[in-house]
Every structure is written in C-alpha cells, then in structure tokens.
Amino acid sequence: MAMDKLNQIQRAAQQQFDRQSERYGKGHILSDVSDVKDALGRLDWLKPGRALDVASGTGHTGLYLAGVGWQVTLADISGKMLERASATARERGLRVETRQHAAETFPYADAEFDLVTCRVAAHHFSDPAAFVRETARVLKPGGAFLLIDGSIEDGQPVAEEWAHNVEKLRDPSHHRLLSPGTWTKLCEDAGLRVVFSELQPFKQPDLNWYFDAANTSPDNRAKVLELIRTAPAEAHSLFRLGEEDGKIVWWWQRLVLVAVKA
Ligand SMILES: C[S@@+](CC[C@H](N)C(=O)[O-])C[C@H]1O[C@@H](n2cnc3c(N)ncnc32)[C@H](O)[C@@H]1O
C-alpha cells in the first residue's frame, strides 16, 4: 500500500507518532527490552538471521536484535520514528535498514525473514488479520513471529470495553486490544502455530506520564479521570487499578506470543 493511500486509522497513527517521536527515545518505559530478551530465550533454536521489526518505533526492539547479531529491517508508518531509530543506530554503531510502510501490507517477497517481531504497536493496526497474514507470508519455513502487545484475557467484555475507552481517549490513534484467543486464531488462520502465549502484568506507573507520552488533550484527560472514578468492578480487579504516592497506577495485561511457520 502506498503511503499516500493510508486509511483513516493508519493516518491517525502516523500523525500521532510523527508528532510524539521525541518522547519514545532513551528513558522511555519501552527502552527496557527485558520482555524481548525473555521471549527470545524461548527461541533458543533460532539462530540470528534476517529479522523484520514491524512498527519498530524508535527501535528499542530492532536495535536490541541488531546488537545481538541479527540483520535487521526496521519498518514503521511514521517517518519521524524511523529517523530517530536511525540516529540511535548510528550512535550505537549498529547497521540497520529502515523502511516506511504500514503493517497491513509489506513490500517484501515471500519467505525473506527468519524472525518477525512486533512490540507494543499492534493495538493501533486497522487490520490485524492482514498484518498476521503478511507476517506468515514473509517468514521462511521454521521462522518465528514474536508479538508483544497490550491485550486482555478472553471472556472479559466489560473490562475490555473500559480499557478500550481509556486508551482511545488517551491516544485517539489506538484501535483495539485483542485477546490471546483472537491472536491465536489469527495466527492459525495464517498458517502459524502458536508455541507460547502468556499474559504478563505490566505496570502503568503514572497516569500523568502516560497522558504526556500521547499528548492527551485536557478534555480527554478529564474524561479518562472520570472513567477511572467510575470504573466497573471487572476493570478494577483485572487491572489492579489504584493509587501509589498520589499517582494513578494500574497493571496492563501484556501478551507475549510466539508462533512458528510450519
Ligand atoms: C509504541 S511504538 C512501538 C514501540 C516499539 N515497537 C518498541 O519496541 O519500542 C508504536 C509504533 O507503531 C507504529 N504504528 C502504528 N500503526 C501502524 C501501522 N498501521 N503500520 C505500521 N506502523 C504503525 C507507530 O508509528 C509507532 O512508531
């Protein structure tokens, strides 16, 4: 898909992340890649080869991979995020390729990659099924897909709706949180076998920081605070919604899923 033919959801994400790119660099919560390291530890049979990091942002995941011997392509819909990723790669003496494109259509040939990663981004995608199909297409047989994203356990419609509304107000480029069951079905439909899937709690440490990261408007901040004040019991208990040292905190359910192409 040409970059001038983006749909409304893709365009919203591109504008949001072009505007906010300076907030996603060093010191951002995502710069801690221990989740990626742990997940790769489960793929000890996979030797470094070609990796595609989809929706790479400023490159925390892809640059980690490059540092441990992978030949990495960083892909993102936002040119500004990719510029920052390239600058960091230069600072760290790492060589990576950057490609600007949407996650729903890839400009690569079949079976080019040994690993496709996508971390904390898929909840923005307008068509997650197309993204998984494209992932399966560009993976070599035996190649692996690592997905890390905000999620919500299956069978929690009330908490899911609450989280969706909070996220949409905080960052209007958010699209949808998918459950582990939905991701597994998308993988199976695309010919990928899920070998690991786990919801891991991940702390949202300070609502104000979280608002600032997305440049949430004052109106929407007020609406989120109201949603928090009136949160249903299901959301309260699932996300362990609370206050610590005057800061509003909760625990996201972050999905770590690994799937393999037959
Ligand atoms: C939170 S950042 C990603 C963080 C990064 N993966 C990491 O490990 O630090 C989310 C990224 O998703 C990208 N994005 C959102 N929707 C996209 C889409 N449809 N196609 C490609 N990239 C997209 C945004 O531009 C942004 O850079």
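**View 1. The largest pocket of this predicted model holds about 270 Å³ of space.** Here a pocket is an open set of points, on a 1 Å grid over the protein atoms alone, with protein on both sides within 12 Å along at least five of seven lines, and its lining residues have an atom within 4 Å of a point. Volumes are the space filled by probe spheres set on the points, with grid points joined across faces, edges and corners. Of the 14 lining residues, Gly-25, Lys-26, His-60, Thr-88 and Arg-92 are the closest to the centre of the pocket. Helix 4 (79–91) makes the biggest contribution to this lining, four residues, and helix 3 also supplies at least two. Helices are DSSP runs of H or I with at least four residues and strands are runs of E with at least two, numbered from the N terminus. By class, the lining has five nonpolar, five polar and four charged residues. Ala, Val, Leu, Ile, Met, Phe, Trp, Tyr, Cys and Pro count as nonpolar, Asp, Glu, Lys and Arg as charged, and the others, Gly among them, as polar.

A word on the model: it is predicted, with local features needing pLDDT of at least 70 and side-chain atom pairs counting only at pLDDT 80 or more, while totals for chains, interfaces and linings use all residues. Residues are numbered from 1 along each chain as its sequence is written, and side-chain values use heavy atoms, leaving out hydrogens and water.

**View 2. The second largest pocket has a volume of about 160 Å³.** Look for helix 2 (34–41) and strand 6 (192–204), the elements that each give two or more residues to its lining. Among the lining residues are Ser-34, Asp-35 and Asp-38, together with Gln-200, Pro-201 and Phe-202. Arg-119 and Arg-254 line this pocket too. The lining divides into five charged, four nonpolar and two polar residues.

View 3. A cavity is a set of grid points where a 1.4 Å probe fits but cannot get out, and the model has one of 30 Å³ or more. Its lining counts 46 residues, with Leu-30, Val-120, Ala-121, His-123 and His-124 nearest the centre. Of these lining residues, 22 are nonpolar, 14 polar and 10 charged.

**View 4. The ligand sits in the largest cavity.**

View 5. A polar side-chain atom of Thr-61 is 2.6 Å from a ligand oxygen. Polar backbone atoms lie 2.8 Å from a ligand nitrogen at Arg-119 and 3.3 Å from a ligand nitrogen at Ile-77. The protein covers 98% of the 610 Å² of accessible area that the ligand has on its own, by the Shrake-Rupley method with a 1.4 Å probe.

Key: Polar contact = N/O pair within 3.5 Å; in protein donor to acceptor, adjacent residues only side chain to side chain. Sits in = over half its atoms within 2 Å of the grid points.
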